[in-house]
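Morning, everyone. Let me put the sequence and the structure up, and then we'll walk through them.

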Amino acid sequence: MSKDQILNVQGLIAYYKLRKGDVRAVDDVNLFLWPNEIVGIAGESGCGKTTLIKVLYGLVEPPLSMLSGQVLIDVNGEEIHLYKNTYEVKQLWWKHFSYIPQSSMGVLNPVIKIEDQFGEIFMRGDKNPPKKEIRKIVEKSLDALGLPSEVLRSYPHQLSGGMRQRVVISMATILNPRIVYADEPTTALDVVVQRGILQIMSKLQRDLGNTFVIVTHDMGVQHQITDRMVVMYAGKISEIGGTDDIFKKPLHPYTALLIESLPRLGDKSERKSIKGSPPNLLNPPKGCRFHPRCPYATSECAEKNPSLLEIKNRRYASCFHPLGQ
Amino acid sequence: MRVKLSKRVLKESLYALKSLITGDIRLLLGLVIFMAYAVLAFVVSRFIPFSPKRWGVVPRDIPPCWNYPLGTTSMGQDLFWILTLALQNSIIIGIVVASVSTFVGVVVGLLAGYKGGYLDRILTTLTDTFIAVPSLPILIMLTALFLGRIHILMLSAVLCVFNWPWPAKQARSMMLSLRERTFIETAVFSGTGTVGVILGEVMPLIAPWILANFTNTVLVAIATEAGLATIGVSSLEEATLGTMIYWALQYQAMFRGHWWWIAVPAGTIVILFFSLFLVSTAISSIFSLERSAK
Amino acid sequence: MRPIIKYAASRLVSYLLTIFIGITLCFIFPRFVPIDPVTTILSRTTQTGAFMEPEAFRAMRETLLETFGLKGSLQEQYFNFLRRAFTGDFGPSLSAYPSKVNDIIARSLPWTLGLLFSVSLISWVFGNLIGLLAGYYKDRKISKTLELFAMVIYPIPYYVMALILIFVFIFWLPLFPLMGAHAIGFKPSLSLEFLLTVLRHSFLPALSIVIVNLGWWILSMRALSTRISEEDFVRFAIVKGLRTRVILVRYYMRNALLPQITQLAMTLGNIFNGAILTEYLFAYPGIGAMLWWAVSSADVNLMMGIVTLSIIAVSTSALLIDLIYPLIDPRIRYGSK
């Protein structure tokens, strides 16, 4: 892992082991994270994004099984192998990296007041900060997210969906973790609220200076707040690069088609959807997984699997014929 | 319409059988045990070699042995044969009570859930009250007045009074959740009347739940009758699982060391109820799994 | 506060209705008996060979007619019946003449209440505790064994369990006494000796109800606990790295207890039914045994008194529990925004 990276993933393989076979949700993934950036993980539903996040977090429960590869995290200058010291993972949770789950509707305990739920987060062991201090920290965080302090004395059912999502975001950032994973943070919300949440998250990241990982299939959201993008397809990474670069000149055919399917102001031409559908991860196609749907596929693509290579400066793609090269 | 209804009910039942064969062990075990008892009750009982109500047919108070596999009573009756008869009567009571109360309960519940409004509120209040009223004291008082000579059918009728609320409650809550589903609206908009909608669209879906409920009610009915009999207010001339216990207590079977007279009905109840319970829980869990898979 | 008031009001209405319908059933049922109940009882009394003056006979007939509300027109009958039930006037006991029914009930009620409260409490608390842990560790062998155990125990009727216990502990290994609530010759007092003998005598009756009840609570709580383990907020709690103890208490227990409290209210009637038969089998001098006594001696006044009381007692306990519930569930206490 190079010096300034805070997360480094090499050759990660994780399958769901089912009776009918293995679902190859994360199949040989390499990526890395730097401090102080917002990274988006993009791709269609079912491409393995959520599974990838779970594995990066250390949340591997049957039938999910981590088969090989390594996940290295920088914790206070020390390089930790996530899957070598299993007993330590729980200690790292929330303090060093946190996770905002997909739907905020039911993630808060309905019978405990919000302030007590915050209190639980701080009860980490023997040395707990005093109550007054906790209260100050929490109030500051809520304020930054635009929530009134009455929220603390409320129960979850008394808050609206947007408020709940912001409470969850606050909880996820309150211990100031270096990495915050957010899984489809805005999908359940309506468009206006969505924009507000994204702006809040963006500002939060700037203030805290940590790394946000936003998982979403919504390319519009990716364009709006991410600095860098990781595009996934069928359990593998197809492209990594700066968001603006990718949108201006995508390297992987899949990425290009994804971007093209987005509606754009002023562009009245018909939106094209990608023909076909994502492959079944139980039995993915041989060779490049995208080749059955790729308009530029050649016989080479049907035979061999392209690996993720650095094509240009800091831009990676797994394709034998990257666009414009 | 009728054809469609019976086709769907048939399909559901066939699915149930398939699940049985593909092996939910609870269902299998429960049904096997229950079938064994049913055979005892209805088939073996045909072969009773003497009139069931006669006393002094066999030597009294003999513990289980080769000749009398379950022993004999102080009245000179062979426990094995009495058991087959008692099983027959108890199971019949159970099934009759369960059939009537489940039918009434489901009708009430479905109507209340479907129509809503005033009717729903009245029926629900009625249902909840009947659930809340402690049934046993009232049953005891009523049957006591018959001085132990209550007719089996009358007894069954009485038991029905307190057993219809449970299926009603369940049927109503299921109807409430189904009412919103589009296929109901489709049926209504295409002109099907209330009865048609209920029978054709709703029933096939809730049939397994009704079945689970039915099984449970059989259990409860048999248990209640046996409880009433133990205390001496059932129809004491007939042989049921409960009256067996009653007579055993009357003749101080426990204290005179004739443990088999109590052990046989008590043990039968335990095993029989366990099997019924297995069946009803298995049915509900099989079909709730199917539900969530949908 | 408004949601609570609505809730309390509707519960109160159900409560009154339950009592009303229950008592009405007591009124209606005797009419379905083929032989006129008054005649039945009169003939029973004379059967036992007791000689009665014609005066006394007629007086008894009058009392019986009153008890069953058979005097006057149907409306009058019903009205009188209700009046008597609500004012608690049940008249003299026919079998223990001239003791008043209310006195007899007052003497035996404390025993039943003591039994019921202790039994309900013990089995609810322990059953839920065990079930909670069984659901949390749902894949472990002990959890599955407990589930099986509960499934075997739960369908057993209370009186059958009582018979089993009688067999094992009184007949086979005579460890416990059979009759009564205390050794003969003791006057009820608060002395340690008295308490000990009460405990010894009530142990088996209580145990028979507790075991079966425990089965039910373990089973239902385990199922509830398992369902809670799949809730989003529990998953999120795990992801947050919260300590196990916090999760068990604040996420599992706090959410599981609420429905279990409602359940308790619903099963009270059930436990009461079980207590009646258990008291009979153990000759425990509560109102269950009194009911049997009333039945076997055709003492209808006592019967009516006990039955009416049971209806009121069970409904009231359920009402109290239902009224406590909203104070604990924040969703009802503070309605939705």
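Which residue stands opposite V9(A) in β2(A)? L31(A) does. Before more of that, the ground rules. This is a predicted model, so local features need pLDDT of at least 70, side-chain atom pairs count only at pLDDT 80 or more, and totals for chains, interfaces and linings use all residues. Residues are numbered from 1 along each chain as its sequence is written, while chains are lettered from A and ligands numbered from 1 in the order in which they are written.

Back to chain A. Strand β1 (residues 7-18) and strand β2 (residues 21-33) pair in the antiparallel sense over nine bridges. Strands here are DSSP runs of E, at least two residues; helices are runs of H or I, at least four; both are numbered from the N terminus. Pairing means that DSSP finds at least two bridges. Two residues separate β1(A) from β2(A) in a hairpin. β1(A) also pairs with β4 (residues 64-75) of chain A, antiparallel, over eight bridges. There, Y15(A) stands opposite S65(A).

Next, an open sheet in chain A. Eight strands, mixed pairing, in the order β6-β7-β8-β3-β9-β10-β12-β11. At the edges stand β6 (97-100) and β11 (309-312) of chain A; each has a single partner strand, so one side of each is left without a neighbour in the sheet. From one strand to the next, the twist averages 20 degrees (angles run from 0 to 180 degrees between N-to-C directions, with axes fitted to C-alpha atoms, for helices over the stretch in contact). Inside the order, β3 (residues 38-42) and β8 (residues 211-215) of chain A run parallel over four bridges. I38(A) stands opposite F212(A) there.

Now chain B. Helix α3 (residues 79-115) and helix α7 (residues 165-179) of chain B pack at about 35 degrees, axes 7 Å apart. Contact means C-beta atoms, placed from the backbone, within 7 Å. Among the contact residues are G105(B) and G109(B) of α3(B), and W166(B) and M175(B) of α7(B). The contact divides into twelve nonpolar, six polar and three charged residues. For those classes, Ala, Val, Leu, Ile, Met, Phe, Trp, Tyr, Cys and Pro are nonpolar; Asp, Glu, Lys and Arg are charged; the others, Gly among them, are polar.

Last, the interfaces. The contact of chains B and C takes 34 residues from chain B and 42 from chain C. Chain B's side has 27 nonpolar, six polar and one charged.

Notes: Two residues are in contact if their C-beta atoms, placed from the backbone, lie within 7 Å.
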